[in-house]
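Please look through the structure shown below before reading on.

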Amino acid sequence: MTIPLVDLNRQYEEIKDEVKEAMTRIMESSAFILGEEVRQFENEFASFCGSRYAIGVSSGTAALHLALLAAGVEKGDEVITVPYTFTATVEVISYVGAKVVFVDINPEDYNIDVSCIEEKITKKTKAILLVHIYGHPVDLEPILALADKYGLKVIEDAAQAHGAEYRGKKVSVLGTVGCFSFYPGKNLGAYGDGGIVVTNDREIANKVKLLRNHGQREKYEHIVEGFNYRLDALQAAILRVKLTRLSSWNKNRRQHAKLYNELLAGMEVITPVEREYAKHVYHLYVVRTKDRNGLQEWLQSQGIATGTHYSLPLHLQKAYEHLGYKKGDFPVAEKCSQEVISLPMFPELTREEIEEVCGAVKSFLSNPSLSSP
Ligand SMILES: Cc1ncc(COP(=O)(O)O)c(C=O)c1O
């Protein structure tokens, strides 16, 4: 048996008739960019999140870039974020000319260590860019209180957290502005690139709308310089089909996580937590173990694909040398990056496959001769 980390084919099998119908509708309309289909998807996604506005864009990275611009982050400002995320979270801070200020993560849910934020706030701090990593919400309340105290914007990178909840509310709507990616493997994924910005703030929504389409208010009337960050109608049509199933897919992910937790209990692996305020949507099911590389190799030899999110924190990446951080600056992120392994997780995974994965983990952990030297 081979078990992939993510299997998009199985999902396609389930929805292909509807997807084909939606794609045909767009082809026959010849309206490929923005337009009615995108508007409908935006309305449906806003309603899913419980936000007033949703603005479709061309990727999660574009969403974050526009969110920072619309929140007024500019050259000379400082933005607090984590070094333990996908690089896009941090790239966009540089895009707007602001300075990246890292804060370590906590080793329980791998999100920002809330107790370390205040000491990093200076007169130049403009925003906190949070990441709901793996689909587990950040503890937002204390951060919103800090933002209030110091007059900061809160931007939520919810690229891995479609449908996750913080105290009963969907993530992305509690801060100033929220951003999602529709990269194909995400909990809600397009068949290409896509993203969306959600907010309750009308001014921010209007700015994002302008900036995604060359700063254009009316045809050929450009009131600011913008970008080509538009969402395609084809992607919107596909996302509309998938959005109707997102909650049920997330439910499956949560059931799979529960089964993994049960089957891995008692083994020398640290399984994910779900805090009392959180509804986790398990974009990734990540466990920690001392001999991560050994386990990964063993699982691969057994036909089981895994991932390492993230094997090198951003402050140690060549691209971020210029920030001047060094090894040891963020010990939790560094330790986790050596120990984490993402096990197969997607809605259509079967009980038998999860049992197979856990059986293989058990064989590895109970057989010292399989460990790395
Ligand atoms: C946490 C995080 N932020 C941002 C992004 C960027 O999204 P995209 O690939 O759609 O630009 C991703 C996805 O890859 C992500 O996982």
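Around the ligand there are 15 residues, and those that come nearest are S59, G60, T61, A159 and S181. The model described here is a predicted one, which should be kept in mind throughout. Sorted by class, the shell around the ligand holds five nonpolar, eight polar and two charged residues. Two helices, α3 (60–70) and α4 (88–95), each supply at least two residues of this shell.

| Helix pair | Axes come within | Crossing angle |
|---|---|---|
| α3 and α4 | 9 Å | roughly 40° |
| α1 and α7 | 9 Å | roughly 150° |

On the α3 side the contact is made by G60, T61, L64, H65 and L68, while α4 contributes A88, T89, E91, V92, I93 and Y95. By class, this contact of α3 with α4 has six nonpolar, four polar and one charged residues.

The crossing of α1 and α7 is right-handed. From α1 the residues I15, E18, V19, A22, M23, R25 and I26 take part, and they meet A233, L234, A237, I238, R240, V241 and K242 in α7. The residues of this contact between α1 and α7 divide into 10 nonpolar, no polar and four charged.

Turning to the strands, seven of them form an open sheet in the order β1-β9-β8-β5-β4-β2-β3, with mixed pairing. At its edges stand β1 (53–57) and β3 (99–102), each of which has a single partner strand, so one side of each is left without a neighbour in the sheet. From one strand to the next, the twist averages 25°. Within this sheet, strand β2 (residues 78–81) and strand β4 (residues 125–131) run parallel and are joined by three bridges, and I80 stands opposite I128 in β4. Helix α5 (residues 140–150) lies across β4 and β5 (153–157), and its direction is at about 170° to β4.

Another open sheet has three strands in the order β7-β6-β12, and here the pairing is antiparallel. Its edge strands are β7 (169–170) and β12 (278–279), each pairing on one side only. Two bridges join strand β6 (residues 165–166) to β7, and E165 stands opposite K170 in β7.

Which residues does a cis peptide bond join? The bond lies between H309 and Y310, with omega at about 15°, and Y310 is found in the loop between α9 (292–301) and α10 (331–339). Another backbone detail concerns Y134, which has a positive phi of about 65° although it is not a glycine. Y134 has its place in the loop between β4 and α5.

Key
Residues are numbered from 1 along each chain as its sequence is written. This is a predicted model: local features need pLDDT of at least 70, side-chain atom pairs count only at pLDDT 80 or more; totals for chains, interfaces and linings use all residues. Axes are lines fitted to C-alpha atoms, for helices over the stretch in contact, and angles run from 0 to 180 degrees between N-to-C directions. Helices (H or I, at least four residues) and strands (E, at least two) are DSSP runs, numbered from the N terminus. A crossing is left-handed if the near helix is turned anticlockwise from the far one by less than a right angle, and right-handed if clockwise. Two residues are in contact if their C-beta atoms, placed from the backbone, lie within 7 Å. Ala, Val, Leu, Ile, Met, Phe, Trp, Tyr, Cys and Pro count as nonpolar, Asp, Glu, Lys and Arg as charged, and the others, Gly among them, as polar. A residue is near a molecule or strand if its C-beta atom, placed from the backbone, lies within 6 Å of it. Two strands pair if DSSP finds at least two bridges between them.
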